[in-house]
Amino acid sequence: MIKRIKVGMASCGIAAGASEVKKFLQQNIDDENIEIIEVGCIGHCYAEPLVEVETEKTSIFFDQVEPTEEYLEKILSVDKNSAMTFRDERVSREKLKVTRLAGRIDPVSFDEYIEHGGYQSLEKARKMQPEEIIKEVKTSGLRGRGGGGFPTGLKWSFLAAKEAEKKILICNADEGDPGAFMDRSMMESVPHQVLEGMLIAALATGATELFIYARAEYPLAVKNINKAIDQIYEHKVNVFDDRVIDITVKEGAGAFVCGEETAMIHSLEGNRGNPRFRPPYPTDEGYKGYPTLINNVESFSNVPIVIKEGGKKYAELGTENSKGTKLFALAGDLKYAGLVEVPMGLTIGEVVYDIGGAQRGEVKAVQIGGPSGGCIPAEHFDVPIDYDSLESLGAIMGSGGLIVIGSNRCMVETARYFLEFTTKESCGKCTFCRIGTKRMLETLEKITKGEGSMDDIEFLEDLGPKVIEASLCGLGQTAPNPVLSTLRYFKDEYLAHVKDKHCPALQCNDLVDIFLDQETCIECRQCIKNCPVDAISDDFVVDNDICTRCNTCVEVCPVDAISRVKRGEKNG
Amino acid sequence: MQLLEPLEKDRSNLIKAIQMVQAEKGFISTQAIKEISDHFGIPVVEVEGVLSFYAQFKRSKPGKYKIAVCDGTACHIKGSSRVKNWLVEELKIDDGETTEDGLFSMETVACLGCCSLAPVVSINGKVYGNLNRKKLLKIIKDYKNRGDN
């Protein structure tokens, strides 16, 4: 007997076609006893659209479901042979704590969250003294998951010690790192868990007003978290003995720098999101002058677990200075992209090869921590994931973006890409960030065009540390990291661009030609038909002066007769 | 402006106000800036200063179909610059521009958060993933056929 059918409808699922699947199931299943509901994301994004069928006894998943009779049949007959298999390489390494309920429960059902133990930690915390709560969080060793890694309990104690008419608590949900989607997934899939963590923090610190600063590009996350807030108001979960807690969701407006706490406060106040000098720290002087504490979504999502287990138990998992688990948004050149939750201390190689299914030998590096982070080359993949080990390699834990870079990608171009991002997002306050990143970007563009010299490489090595030194906030202080870390590990690629005017990965358009091998060619004319600029002649020769290197012909050629080659090597 | 009436005249609501106007009109006109400044009783230049800081706000009218080309890390690695170029060739508009018939506008955005489906674009909020040139042009053609309706 089927009880419920759950369709994974977080942003990633919807993009893969889950809405059509849900609609099809609703139209074609007329059994009133079967409930069809929307759930969040279980993290196996590569397998979307995902459907989970719940029976009295068990539950099974179907992956890559299409809105067809065939799949309907499989679902209704609970066909175990067609069920999705969870690879042991992943299951045995993952540790689902924070994401335990993600994608398994209806995100906007208060009752279902309660059924799964929700708000029990808050109840437990209500019976504790504020100092006791903070002590548990300190004992747990929980550190900020937004990137900085500051001890959460210590931060809380700063706010708790303040005497003020109002105290402010902000949840940083401005997940701006391109390539990161941990916070989005948590807010879409288990919004109540984020709220529970925030309310426990309010109890411990005496905060009176709570804000969630969310990225405007995350409409579903905002919708779900707002629904959840309405529900806790309705059930009076936000009513404490001495005060009633208000939670307001504020949408950001597209500025990466607003992830920095002082910039975020300015933005919440209705100003340009410029960071300011610290001290005073926000816990001394924050939103509208009141003491203010900022933690990110993942940090808050950990709090109910800390309180439930107790700090000591929580601290059993992880390494000496990094406790608990970390969520990673795994994407790039690998087979199984998605959201993973692993215990601190697992190696990067285990995440990339075993969980992600990337091919050994075909991976050059990972970029960890987004544009603020650095790259880690494959030869260091045995390093454990914790705050300190990553830093010693010139990268950072960051918020959790983990992009796998395949061996066919150019590292100079990758560095240029990240710097282009930070250059655009620099708020312009500090000279070294505003102009320094711009000069670095121009230099990288020169190199990728084959116009660079050895002086340019020296210039990058000289200017990078200066930008770090002379910038006020995290954006400028980390912006040169992608360049400096690629220079550290992949200098040979820079040298090839500069000395031989060659892009070893054949990615930089200005340094490659398109070559059609007439011996392999079967004259099917697919390339000629598809070329957007008519660069291929009727006798199958590519005119590289006209060609825009769009790669269309390389992709459509059925016999791989067309390839990218070093500029001037074959055609000239 | 009637739209802003329910909004408390506190400076911290300024960004919310600009967002509300943009949601309603699709962009922020010079007239709208004046009305927002009146609502909060702050100078026009302050409103302009705040809205020009944030990438979300548009000062010119977007197309009926708003195409956002994701240039997040995962999409970039999977060739989002090519995706953008295909659109530039097809629609004859560049980043931030609108086609002459007012049907399409295009902009590149930092990350749509659908990294596992890279490369992706979104059109009026609907995300299309795992794109190649053929698939993309087909999608654009479908929107063209829908036309103005």
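In this predicted model, the axes of α17(A) and helix α18 (residues 431-448) of chain A come within 9 Å and cross at roughly 150°. Axes here are lines fitted to C-alpha atoms, for helices over the stretch in contact, with angles from 0 to 180 degrees between N-to-C directions. The pair α17(A) and α18(A) is therefore roughly antiparallel; angles under 35 degrees count as roughly parallel, over 145 as roughly antiparallel, 65 to 115 as roughly perpendicular and the rest as oblique. Helices (H or I, at least four residues) and strands (E, at least two) are DSSP runs, numbered from the N terminus.

The crossing of α17(A) and α18(A) is left-handed, a term used if the near helix is turned anticlockwise from the far one by less than a right angle, with right-handed for clockwise. Among the residues that meet are A:Leu419 and A:Thr423 in α17(A), and A:Leu441 and A:Leu444 in α18(A). Contact means that the C-beta atoms, placed from the backbone, lie within 7 Å. By class, this contact has 7 nonpolar, 4 polar and 5 charged residues. Ala, Val, Leu, Ile, Met, Phe, Trp, Tyr, Cys and Pro count as nonpolar, Asp, Glu, Lys and Arg as charged, and the others, Gly among them, as polar.

Helix α9 (residues 182-189) and helix α11 (residues 219-234) of chain A have axes that come within 7 Å and cross at roughly 40°. That angle makes α9(A) oblique to α11(A), and the crossing is left-handed. From α9(A), A:Arg184, A:Met187 and A:Glu188 meet A:Leu220, A:Ala221, A:Asn224 and A:Ile225 of α11(A).

| Helix pair | Axes come within | Crossing angle |
|---|---|---|
| α17(A) and α18(A) | 9 Å | roughly 150° |
| α9(A) and α11(A) | 7 Å | roughly 40° |

Now to the strands. Chain A has an open sheet of 4 strands in the order β2-β1-β3-β4, with mixed pairing. At its edges stand β2 (35-39) and β4 (59-62) of chain A, each with a single partner strand, so one side of each lacks a neighbour in the sheet. From one strand to the next, the twist averages 20°. Strand β1 (residues 2-8) of chain A runs parallel to β2(A), joined to it by 5 bridges; strands count as paired if DSSP finds at least two bridges between them. Opposite A:Lys6 stands A:Ile37 in β2(A). Helix α2 (residues 18-28) of chain A packs on the sheet, touching β1, β2 and β3 (51-55) of chain A, and its direction makes about 155° with that of β1(A). Helix α3 (residues 69-76) of chain A also packs on the sheet, touching β1, β3 and β4 of chain A, at about 165° to the direction of β4(A). The strands β3(A) and β4(A) pair in the antiparallel sense over 4 bridges, and a hairpin joins them through 3 residues.

Finally, the two chains meet in a contact that takes 47 residues from chain A and 35 residues from chain B. On the side of chain A, α1(A) gives the largest share, 4 residues.

Some conventions: residues are numbered from 1 along each chain as its sequence is written, and chains are lettered from A and ligands numbered from 1 in the order in which they are written. As this is a predicted model, local features need pLDDT of at least 70, side-chain atom pairs count only at pLDDT 80 or more, and totals for chains, interfaces and linings use all residues.
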